[in-house]
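This report covers salt bridges and the surroundings of the ligand. The structure comes first, then the text.

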Amino acid sequence: MQIFLDTASVEEIKKALSFGVVSGVTTNPTLMSRESGASFKDIILKIAGMVPGPVSAEVTAHDAKGMISQAMEIVGWSDSDDFRDRITIKVPMTSEGTSAIKELSSRGISTNCTLVFTPVQAMLACEAGATFISPFVGRIDDSGLDGTAVLKDIVSMVRTNGYVSQIIAASIRHPAHVYGAAMLGCDIATIPLVVLEQCFKNPLTDIGIRKFDEDWKKFQASQAPKA
Ligand code: E4P
């Protein structure tokens, strides 16, 4: 399972890239609102210059025409083929959204259908030709359902029907969500930095490192030349 970072913060991306496990980034208007100073365009171009893989930028129009026009503007922010290949237009799961996804996909533009909460919504996004679909696991939990169980149904629906859309487990709140997504065979999980950092931690790893340090010191002491 690939790991994307769920953030618009350049500092967070810099830190997460140093871990050697992050291959893409997803942003949304809420994540953008936490950044100050730079414009949407500047932030997206900066992020695209940092990460090796897909970078999702979300449209805010509610009608397909407006979404397509915003998408074409974003895609035109750089004339490099690499940017055009990796910039991914995030489109909400509505009938206007699937209409925009269909058109963008026919123009060879990568899309990420966001705010997916049910297997039927996921199926519609796949039918429209979304490159990625993003089920919101944490927000499904918030609604009183089991987000990972719904994700399981979505993975099963996509694989059973032979859809090629890649599944991004989104709205990840804790390492158990990451565990569930990986065990279900999701293509990608998009993870906030704080959760990604938690994923590395295990007290047995810390205890193991301390024990190896102590034993290595003992071994080195035993190697010292005898007086
Ligand atoms: C990613 O694509 C989503 O926008 C994001 O994961 C939403 O997460 P949240 O539910 O924690 O806001």
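## Salt bridges and ligand site

The count comes to nine salt bridges, a salt bridge being a side-chain nitrogen of Lys or Arg within 4 Å of a carboxyl oxygen of Asp or Glu. The model is predicted: local features need pLDDT of at least 70, side-chain atom pairs count only at pLDDT 80 or more, and totals for chains, interfaces and linings use all residues. Residues are numbered from 1 along each chain as its sequence is written, and side-chain values use heavy atoms, with hydrogens and water left out.

One of the salt bridges joins arginine 107 to glutamate 103, with 2.6 Å between the closest N and O atoms. Another salt bridge links arginine 159 and aspartate 187, whose closest N and O atoms are 3.4 Å apart.

Around the ligand (a heavy atom within 4 Å) are Asp6, Thr26, Asn28, Lys90, Phe136, Arg139, Ala170, Ser171, Arg173 and Thr190. By class, this shell has two nonpolar, four polar and four charged residues.

| Side chain | Ligand atom | Distance |
|---|---|---|
| Asparagine 28 | oxygen | 2.7 Å |
| Lysine 90 | oxygen | 2.6 Å |
| Arginine 173 | oxygen | 3.2 Å |

On its own the ligand has 340 Å² of accessible area (Shrake-Rupley method, 1.4 Å probe), and the protein covers 85% of that area.

Technical notes. A polar contact is a pair of N or O atoms within 3.5 Å; within protein, one must be able to donate a hydrogen and the other to accept it, and residues adjacent in sequence count only if both atoms are side-chain atoms. Ala, Val, Leu, Ile, Met, Phe, Trp, Tyr, Cys and Pro count as nonpolar, Asp, Glu, Lys and Arg as charged, and the others, Gly among them, as polar.
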